[in-house]
Structures are given as structure tokens and as C-alpha cells.
Amino acid sequence: MEKLKILQVSSEAAPYVKSGGLGDVVGSLPGALKDLDHDVRCVLPEYNQIPLKYRSRLEHICHFRTDVVWRDEYVGVNRTVKDGVPHYFIDNKEKFYRDSLYDSYDRHVQFTFFVRAVLEMLPRLDFKPDIIHCHDWQTGILPLLLHDNYRQFPFYSDIKTVYTIHNLKYQGVFGPEIIEDTLGVDYEHWQSGRIRHQGNVNFMKAGINYADKITTVSPTYAREIRTSDLGEGLDYALRMRGDDLEGIINGISYSEFNPALDDEIFASYDIDNFQGKEENRRGLLRDVGLPVDCEGPIMGFVGRLVEQKGIELFQGIGDDIVDLGFNLVFLGSGRSDYEDYLRYLAGRYPDSVAAEIKYDFTLARRIYAGSDFFLMPSLFEPCGLGQMIAMRYGTVPIVRETGGLKDTVDNYDGEDGTGFTFADYSPESLLSALESAAELAENREELRELQRSVMNEDFSWQRSARKYEELYKQLRE
Ligand code: ADP
């Protein structure tokens, strides 16, 4: 079998730096490709947000200077190895020691610098990838710069690119002045419309138009983003590249997410030894200040409190959900009106609703483990990891049929199925799914049976990594 040389280029990868699903995916995919025996490497910006325990252990490999048009910049390349995969970190403190990952006023310069540094480090490492795999808007201009600035040099001439859209909503949109000031590419790319969208330069659109193949993180989302409903204005560009666009569902790390070995939860358990789930229920209730002896199923929610996650659907039906007998545990932060609503609901029902407005890695695990149901009523969801993690922890997902949620959860009909689903984006439809879940929960035995059976689902990375492997191979043919 042909051994491929693959470079993953991303702004996030767990455990180093993560703000959401992107970090989880790039944290796991390289290791899964390595298990298929490829030479895979990963490169990230060296953010100050990376915990010191990792940053302090990096080995310095080389340094050089690069130009971002008129800016002459230092590039340091540092390295560590994780799961047999070399991880490179691009060091320039002025660029990456910032208060936040993506909120800087000059993020177009940050990521143009990053992409140039990545491309120019390759000959210095003597590593010529067959495939450069880019992720999300932050690296969307890599295929463009490769095409415009580097292809003419023999080293770069036959490198192929894959571009993965993790969330089409975040596109990297900047004024046209950055073409001359920052990107330094030919004006033709703007005039042809290939990087232009509504009078601005759009990094996501550059990735879509200049990569050899495009993927997104579920088959359903790959179909949805070609429509004006969920295309975020780029549906036409995506339809034009339809033959090169594929949906590959994400996996989750089965070593990281494992109720039999998880140190963060109150008691370990597995499919044959399920008693630990009960202890996790009590521990969770204690943690979030709900009565430990309360009755009724626990429904957990973990996620960013943004429009995408469907918070507005339960804004109007909080009372009805509590009336159904659920205990609700929310964990997340984001829009202040959503945060306020959850705090209000917790204040109104102190014995059955808890609202933890924060980012908390440990509590998230405890919610996955201690809940009976896990709620994701998303407006859209490219893939969604929460529902897969929940199933891994024997927790039944309640989801809206969109994107990856549709691809990973089948409605339970009393015999088959892995969760409760609803199609319409309306409080009534959500409520009706919740009524079915509440009805099931009245029969404790049946609920436990379903919880154990969802643990049989396979969301490991192996299957997805094979799909990426096939795609990379197509590009070599
Ligand atoms: P997205 O990438 O849109 O945020 P995903 O479901 O793909 O959504 O991934 C979200 C990941 O981030 C999951 O691993 C989830 O558990 C985690 N997460 C989200 N919000 C929080 C939070 N407030 N505390 C802890 N973990 C969180």
C-alpha cells in the first residue's frame, strides 16, 4: 500500500488548543491516519493559550524570515510528537500571543502569516507532503497562496490540497484592501470572483475555489450547504464545486472519551457493568446543586450558547419541559440573552434546573456520564460531537434532524433507534420529541436498555480516517 505524506494545517488541535469541534477533530484525525501507516504531521500556530506544560517542552527546529507583503517577519518552528505524529508550532509572539484566538483586529494578517510560514517551512524540514489538508476559514487561503505564489517552484508543483469546512458560518471576511496589503496575490483572483463575496475578500470562498477537494463533516451537511437555506451565501460556489465536495462524518476519540477509564467522572462503567451510571447521576446532581434524591430523568446540555444550538426553541417551553418531569442541567456560555434565560429558568425551578454558565471540561464529562438524555435541538449542525460523546457514555440523544445529527441518530420506535429526533425547527416539535422521551423514561428498564444499546454505536475515528485516506488516494491518481 502506498504510504502517503500528509500535512494537517489547522488553527486548533486538542489537547494543545481548542475552542470547539475543530480542535477535537484535528486532535484525533492525524493519529487515526498514522494508524493506517501514513507519514502524517500537523502544524499549528504557537498560541499563548497553549498550556505551558506543552509549550515548555517544544523542541526548536529552525527559524527563518518570511514576507507578508511589506512586513518582514520572524518565523520559529518548534516541534513535539504526539501519538507518533510530529506536531509543528509556528512561533511569532507578536502574532500569536493575544487575548483571544480569533478576535484580533488583524486576524487576516495573523493567518496569512501562518499559511506562508507553513508553506515555507516545508523545504527547510525536507518534508514534501503529497497532501496538504487545511481546516476552516483560518487556512482557507493556503490553496490560493500555493496556487498564486509557490506553484512555480518545483518543490510545490505537485502538492495537492484538501479543504475541510467544519462550520460554514464562520468565513473570515475582510475588506478588499487586504489583497494588496496582506495577501499579495494577483488581482485576477478578485476580479474572477473566486475570492470575492459581497464586495469582500472571503477566506472560506478561497478554500472552496482553490482546493483540489473539499470536504465537510457529515453527508447531510454536505447536501444542506448547497442550498440557499444553509449555504450562508456560498451555496452557489459550493454547487459549482459539487463534484469535488464530499461529506465525511467525524469520529470521536475512543481513548479520550471512555466511561470505563475516564478519571473526570464519579464512577467508571461500561455496557456490561452499568451500575456506575447511577453513581454518576448522584455525583452530577450534587455538583450542580440539585437534590440528590430527586426523581425524574436528567436531561443534559453542553454547548456554545449561540443561535446555531437552538436555545431559542426551548426559551418558550421551559415550563412545559419541567412539567414533563425532567431535571435539566445546562452547561455553556455565549449570547447574554440565552445565558440570562437559563439563569432565569434555574432561579424559577431551583430543585430541577441547573444553569452552569461557563466552559468546564470536567463538568462536561460529568454531564455526559450522569445524564439520561442529552439535548441538541440545533438550527444547523455540521457534524456535532456532543451527541456522539453522549452515546459513548450511554446517554440517549434528543436531536433535531439536521446535518450530522441526522446522520448519527435514528429515532427510537420502541424497538430500533438510538434517540429521539424531530424535524421542524419549532418548539412544538421539540416538545413532542421530549414527550416521547419522558414517556420512555417512565419505564426505567426500557430506558436502561436503550442507554446500554446506544453504547454499541461505532463513532471511532477508524472508519472516518479510511474515508479521508480514500480521498487522498484519489488525488494521487
Ligand atoms: P461546536 O464545534 O459547534 O462547538 P460540537 O458539538 O462539534 O460543537 O463540539 C463541541 C465540543 O466542545 C464538545 O466536545 C463539547 O463537549 C465541548 N463544549 C462545548 N461547550 C462546552 C462547555 N461550556 N464546557 C465544556 N465543554 C464544552
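Pro15 is in the loop between β1 (5-9) and α1. Helices here are DSSP runs of H or I with at least four residues, strands are E runs of at least two, and both are numbered from the N terminus. The peptide bond from Ala14 to Pro15 is cis, with omega near 5°. Next, Asp126. This residue sits in the loop between α4 (107-125) and β6 (131-135). Most residues other than glycine have a negative phi, and most peptide bonds are trans.

A word on the model. It is predicted, so to speak of local features we need pLDDT of at least 70, side-chain atom pairs count only at pLDDT 80 or more, and totals for chains, interfaces and linings use all residues. Numbering runs from 1 along each chain as its sequence is written, and side-chain values use heavy atoms, with hydrogens and water left out.

Now the ligand. Which residues are closest to it? Gly21, Arg304, Lys309, Lys358 and Tyr368, out of 20 that surround it, counted when a heavy atom lies within 4 Å. By type, the shell has seven nonpolar, seven polar and six charged residues. Nonpolar means Ala, Val, Leu, Ile, Met, Phe, Trp, Tyr, Cys and Pro; charged means Asp, Glu, Lys and Arg; the others, Gly among them, are polar.

Where does the ligand lie, relative to domain 1 and domain 2? Between them, because domain 1 (5-251 + 462-476) and domain 2 (275-458) both give residues to the shell. Those bounds come from an automatic or database assignment.

Polar contacts next: pairs of N or O atoms within 3.5 Å. A polar backbone atom of Gly21 is 2.7 Å from a ligand oxygen. A polar side-chain atom of Arg304 is also 2.7 Å from a ligand oxygen.

Definitions and conventions. A polar contact is a pair of N or O atoms within 3.5 Å; within protein, one must be able to donate a hydrogen and the other to accept it, and residues adjacent in sequence count only if both atoms are side-chain atoms.
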